[in-house]
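Subject: Structure for your review

Dear colleague,

Please find below the structure that I am handing over to you. My findings follow after it.

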Amino acid sequence: MTNVFAPQYVGDKVSGTLTKVCETTSRFTREPIPILYLSGDGGEIEVRAFHVGLRRHLRNALPSLGQHVTVTYIGKKPIDRSTYLHDYEVTATS
């Protein structure tokens, strides 16, 4: 069974070897939503990049199949007085 990464607290993280990448859609954006599958000691973990902050960091990190990927939830980052985005850090190493 695949677990889904759903961070609740700043510092929540997941890591593992990238084994598969898929895409899905969302009614909230026209951008495709990447879904990463990471294999680690706890089994397979699915990372759904619904948050724009996570999608942005994935584009910058450019993880490839077989790389070790770590996704860390940084927290809510204010955009202005009434809006924020969920921010993440993504690292990918061979």
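How many residues does the largest nonpolar core have, and which of them have the most contacts inside it? Please note before reading on that this is a predicted model.

The largest nonpolar core has 15 residues, and Phe5, Val14, Val47, Leu54 and Val71 are those with the most contacts inside it. Two or more residues come from each of strand 2 (13-26), strand 3 (29-40), strand 4 (43-48), helix 1 (52-61), strand 5 (68-78) and strand 6 (84-93). The most is given by strand 5, which contributes three residues. As general background, nonpolar side chains in soluble globular proteins tend to be buried together.

Phe5 deserves a separate note. Leaving out residues up to four places away in sequence, Phe5 touches Val14, Val47 and Val71, as well as Asp12, Lys13, Ile45, Glu46 and Tyr88.

The six strands make up an open sheet with mixed pairing, and their order is 1-4-3-2-5-6. Strand 1 (3-4) and strand 6 stand at the edges; each has a single partner strand, so one side of each is without a neighbour in the sheet. Strand 1 runs parallel to strand 4 and is joined to it by two bridges. Val4 has Glu46 of strand 4 as its bridge partner. Helix 1 packs on this sheet, where it touches strand 3, strand 4, strand 5 and strand 6, and its direction makes about 25 degrees with that of strand 6.

Two individual residues

Gln67 lies in the loop between helix 1 and strand 5. Is Gln67 buried or exposed? Its relative accessible area is 15%, and because the limit for buried is under 20%, Gln67 counts as buried. The side chain of Gln67 reaches the backbone nitrogen of Ser64 at 2.8 Å. Beyond its neighbours within four places in sequence, Gln67 is in contact with Gly16, Thr17 and Leu18, with Leu62, and with Ala92, Thr93 and Ser94.

Gly75 belongs to strand 5. With a relative accessibility of 5%, Gly75 is also buried. Apart from residues up to four places away in sequence, Gly75 touches Val10, Leu85, His86 and Asp87. Gly75 and His86 are eleven residues apart along the chain, and their C-alpha atoms are separated by 5.6 Å.

Yours sincerely

Methods. Residues numbered from 1 in each chain as written. Predicted model: local features only at pLDDT ≥ 70, side-chain atom pairs only at ≥ 80, totals over all residues. Heavy atoms only, no water. Core = buried A, V, L, I, M, F, W, Y, C linked by side-chain atoms within 4.5 Å. Buried < 20%, exposed > 50% of the residue type's maximum accessible area, 1.4 Å probe, protein only. Helix = DSSP H or I, 4+ residues; strand = E, 2+ residues; numbered from the N terminus. Contact = heavy atoms within 4.5 Å. Polar contact = N/O pair within 3.5 Å; in protein donor to acceptor, adjacent residues only side chain to side chain. Pairing = 2+ DSSP bridges. Axes fitted to C-alpha atoms, helices over the stretch in contact; angles between N-to-C directions.
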